[in-house]
Amino acid sequence: MTEIRELFDLSKTIAASLFEGKTYPWEVLDEIKEYILTLGPTLPADEYDNPAEGVWVAKDAKVFPSAYLGTPCIIDHGAEVRHCAFIRGSAIVGKNAVVGNSVELKNVVLFDNVQTPHYNYVGDSILGYKAHMGAGSITSNVKSDKTLVVVKEPGKEIETGRKKFGAMLGDNVEVGCNSVLNPGTVVGRGASIYPTSCVRGVVPAGCIYKDKDNIVERQ
């Protein structure tokens, strides 16, 4: 339920090669920055602008003047980075993705067509193709006791060795408004999270998370 092959269609991201040779998606988190700095200079100059050192923006992307693009980052074709978005750095924003008003991104990969449109914080996370975070939903990426994150799925615990770990959202995941995804959350493909949820652990693919004791298969 937590492996890259189970969560993501790698044809839907410019960063497909970042995941090569890896089993779990969080294994790429420490490599995002260097990957961008290596990939960026290879992007065709007739398709991507390089407005600042370490920043590459597709010519057909829309970046509002008030948005902040920290280094390094890549904004792919057709993406939209809206008013007062804060990209702190080490971020890949996929094709036709939306980074909305006052959204903050840090050390993330957003696959193509991802939507983080309203007041979201996404840090140390991977969001799969067409994943959508409702208004005010956030990833919490550090435990309150600062211990290392363990991914807990039924009958299995996976030591990540990471202090900072937000959420891994599979393709077509829907996260309801004002939900909190606690450190080490993994949400399988096509799953949905009810609004105002507090989620931890693994939500299986194709399920609806109503609360921690009520996770049901989609009918």
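User: Which residues does tryptophan 26 touch, not counting residues up to four places away in sequence?

Analyst: Contact here means heavy atoms within 4.5 Å. By that criterion tryptophan 26 touches Thr2, Val151, Ile158, Thr160, Arg162, Phe165, Met168 and Val186, with residues up to four places away in sequence not counted. This is a predicted model, in which local features need pLDDT of at least 70 and side-chain atom pairs count only at pLDDT 80 or more, whereas totals for chains, interfaces and linings use all residues. Residues are numbered from 1 along each chain as its sequence is written, and side-chain values use heavy atoms, with hydrogens and water left out.

User: How many residues does the largest nonpolar core have?

Analyst: In soluble globular proteins, nonpolar side chains tend to be buried together. A nonpolar core is a set of buried Ala, Val, Leu, Ile, Met, Phe, Trp, Tyr and Cys residues joined through side-chain atoms within 4.5 Å, where buried means under 20% relative accessible area, exposed over 50% and partly exposed in between, using a 1.4 Å probe and protein chains only. The largest such core has 67 residues, and those with the most contacts inside it are Trp26, Ile75, Val93, Leu105, Ile126 and Leu169.

User: Is leucine 105 buried or exposed?

Analyst: Leucine 105 counts as buried because its relative accessibility is 0%. It lies in strand S9, residues 104-110, strands being DSSP runs of E with at least two residues, numbered from the N terminus. Leaving aside neighbours within four places in sequence, leucine 105 is in contact with Phe86, Ile87, Arg88, Gly89, Val93, Val99, Leu110 and Val122.

User: Which side chain joins that of asparagine 107 in a polar contact?

Analyst: A polar contact is a pair of N or O atoms within 3.5 Å; within protein, one must be able to donate a hydrogen and the other to accept it, and residues adjacent in sequence count only if both atoms are side-chain atoms. Asparagine 107, also found in strand S9, is buried with a relative accessible area of 10%. Its side chain makes a polar contact of 3.0 Å with the side chain of aspartate 124, and a polar atom of that asparagine 107 side chain lies 3.1 Å from the backbone oxygen of leucine 29.

User: Which residue in S24 is the bridge partner of isoleucine 208?

Analyst: Two strands pair if DSSP finds at least two bridges between them. S23 and strand S24 (residues 214-217) run antiparallel, joined by 4 bridges, and valine 216 is the partner of isoleucine 208 in S24.
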